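Work through the exercises below with the sequence and the coordinates at hand. Each task is followed by its solution.

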Amino acid sequence: MLGLMQSWPLTVDKILDHAARWHGHREIVTRSVEGPIVRGTYAECHDRAKRVSSALKGWGVKLGDRVATLAWNTQRHMEAWYGIMGIGAVCHTLNPRLFPEQIAWIINHAEDRIIFVDLTFVGVLEQILPKCPTVERVVVMTDAWNMPQTTLPRAECYEQVVAESSNVCEWGGFSEETACGLCYTSGTTGDPKGVMYSHRSNFLHTLVGLQADVLATSVRDTILPVVPMFHANAWGVAFAAPAVGAKLVLPGAKMDGQSIYELLSTERVTTSAAVPTVWQMLLTHLQSHGLKLPDLERVTIGGAACPETIIRAFHDDYGVDVFHAWGMTETSPLGTTGSLTPEVSSQPFDQQVPYRLKQGRPPIGIELKLTDDEGNILPHDGKTFGHLMVRGSFVAGSYFKGAGGNILDKQGFFDTGDIATIDPIGYMQITDRAKDVVKSGGEWISTIDIENIALGHPAAEQTAVIGVPHPKWDERPILIVKLKEGETATRQDFLDFLQGKIAKWWMPDDVVFVDDIPLGATGKIDKKVLRARLKDYRLPSASPEPA
Ligand code: ADP
């Protein structure tokens with residue numbers, strides 16, 4: 001027997017419809033790529049997104065066609081998103097931080113027909129488009145005044161397109177399972193793979209993200225997503241903010257400490273989301289200029305493990321609550337959040353810190369399990385390391401065009417490629433990427449743990465731990481450190497600093513100082529490159545016995 005409730009397909013165009021109707025006057029503030037701060041509203045964004053849809057239809061874009069964006073977080077990018085998705089085309093967010101050849105490869109794999117591009121990336125597109133035969137047209141997201149001289153074939157000026165297109169264009173009317181967005185993983189293992197979101201998965205992810213224990217966004221919030229829309233959907237903020245009518249502040253191309261501080265301060269932002277490196281830059285700026293942020297209440301930090309120094313600095317010096325979150329492109333991306341259970345919140349802050357450092361618990365809609373190499377379930381004792389497996393209605397079931405074949409186990413769980421522990425109250429902690437683990441004498445050592453503790457050393461700017469071959473233990477960890485400018489420290493300083501904070505047999509066998517630690521396209525340490533750079537490195541000494 002079927003239920004007798006109305007059929008109301010969960011398509012994301014309804015999110016911007018809702019924002020325009022019920023929160024039409026709420027602001028979207030953008031640091032434009034051209035420079036000035038510009039102000040719009042949800043009603044205006046909706047009107048202009050409809051015009052984008054009309055233009056796309058006029059160019060023959062149909063259901064399922066891929067239309068790409070190569071752009072920063074701006075109102076125009078939002079308009080393009082909803083304009084593309086509203087007519088059932090697929091919004092493919094390209095990551096401009098990839099190498100040009102990788103971007104070309106991805107455009108060709110996705111068979112993008114049209115690309116919306118920011119001024120910043122016109123040069124890159126000029127370079128690669130001759131190798132991208134499927135692209136028919138490029139829309140440069142600027143006005144006629146700033147329109148560059150370009151060799152791009154069929155380059156349109158965004159503002160001219162918007163001005164000349166009708167704001168009457170029907171959205172929706174297709175199945176909620178229709179493809180909606182496409183985002184490629186950064187390809188740290190093999191070719192990038194396309195994660196194809198559906199309207200339904202994005203809609204459900206939005207509702208889950210709005211829970212008090214997840215992003216906790218409300219109409220009273222002003223939210224600044226520093227995390228880019230091209231990086232796992234800006235963690236859903238471009239859907240969640242209009243869904244509740246939160247004022248949205250978009251940073252455009254500038255993510256340095258001062259630029260982010262200016263927006264947080266002048267727009268009185270209450271909540272924000274970014275990777276740890278962005279927060280580190282902001283905190284350094286605040287500290288060196290003696291600044292405060294009286295309106296900021298909480299920040300979501302994810303994408304990489306959040307160091308203790310950041311959690312404590314926000315809490316102690318600025319009264320800001322840190323929500324630590326874990327996820328990946330394949331999970332839309334919110335997978336777990338570190339909101340506090342009553343057992344934890346009732347404890348003093350110092351005792352909460354070990355839990356706040358963990359990546360947290362799954363919201364409704366996400367199932368997690370921890371398994372050994374054979375797929376057997378491992379205990380939730382907070383100690384046993386295992387493969388983190390995930391299942392849910394906004395988790396990838398397969399990659400675009402079948403890349404990578406079957407990616408699910410017999411129970412339909414996706415292997416995240418992360419190694420984790422889960423403690424008795426359900427807090428999951430990432431200990432490593434499976435490809436980066438260090439296994440010494442058959443036991444796993446958490447490189448993330450050591451890195452974050454070492455980062456607490458006042459002279460450290462960046463830290464990384466990798467495994468190097470060892471004749472007796474197979475592998476031993478070494479700590480790689482980039483010092484802050486003007487700071488000095490020795491190998492022994494770092495080893496002394498780690499003493500007593502980690503198990504004895506986790507102690508790195510050596511500390512190597514470098515001028516630069518390589519980052520990948522999503523701002524994370526690229527250990528593959530780091531290992532390649534250190535391929536001729538040899539360990540100085542023998543090591544302690546594993547426990
Ligand atoms: P990529 O792996 O291609 O950089 P994602 O942005 O999808 O792309 O990254 C997902 C991965 O990032 C996760 O599988 C995990 O390894 C890591 N990650 C995300 N959030 C956290 C976090 N809070 N702590 C530790 N690692 C994290």
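**Exercise 1.** At what angle do helix α3 and α8 pack, and how far apart are their axes?

Solution. The model is predicted, so local features need pLDDT of at least 70 and side-chain atom pairs count only at pLDDT 80 or more, while totals for chains, interfaces and linings use all residues. Residues are numbered from 1 along each chain as its sequence is written, and side-chain values use heavy atoms, with hydrogens and water left out.

Step 1. Take the elements: helices (H or I, at least four residues) and strands (E, at least two) are DSSP runs, numbered from the N terminus. Helix α3 covers residues 75-86, and helix α8 covers residues 237-244.

Step 2. The angle is about 90°, and the axes are 11 Å apart.

Step 3. Classify the angle: 65 to 115 degrees counts as roughly perpendicular. Therefore α3 and α8 are roughly perpendicular to each other.

Step 4. List the contact (heavy atoms within 4.5 Å). Helix α3 supplies M78, W81, Y82 and M85, and α8 supplies A238, F239 and P242.

**Exercise 2.** Which residues touch the most other members of the largest nonpolar core?

Solution. Step 1. Define the set: buried (under 20% relative accessible area, 1.4 Å probe, protein chains only) Ala, Val, Leu, Ile, Met, Phe, Trp, Tyr and Cys residues, joined through side-chain atoms within 4.5 Å.

Step 1. This core has 116 residues, and L56, F116, L125 and F314 touch the most other members. Helix α8 gives the most to it, with 7 residues.

Step 2. Not counting residues up to four places away in sequence, L125 touches L70, I107, I115, V117, P130, V138 and L152.

**Exercise 3.** In what order do the 4 strands of the open sheet run?

Solution. Step 1. Two strands pair if DSSP finds at least two bridges between them. The order is β16-β17-β18-β19, with antiparallel pairing.

Step 1. The edges are β16 (366-371) and β19 (428-433), each pairing on one side only.

Step 2. From one strand to the next, the twist averages 45°.

Step 3. Strands β16 and β17 (residues 386-392) share 6 bridges; E367 has R391 of β17 as its bridge partner.

How values were computed
Buried means under 20% relative accessible area, exposed over 50%, partly exposed in between (1.4 Å probe, protein chains only). Axes are lines fitted to C-alpha atoms, for helices over the stretch in contact, and angles run from 0 to 180 degrees between N-to-C directions. Angles under 35 degrees count as roughly parallel, over 145 as roughly antiparallel, 65 to 115 as roughly perpendicular and the rest as oblique.
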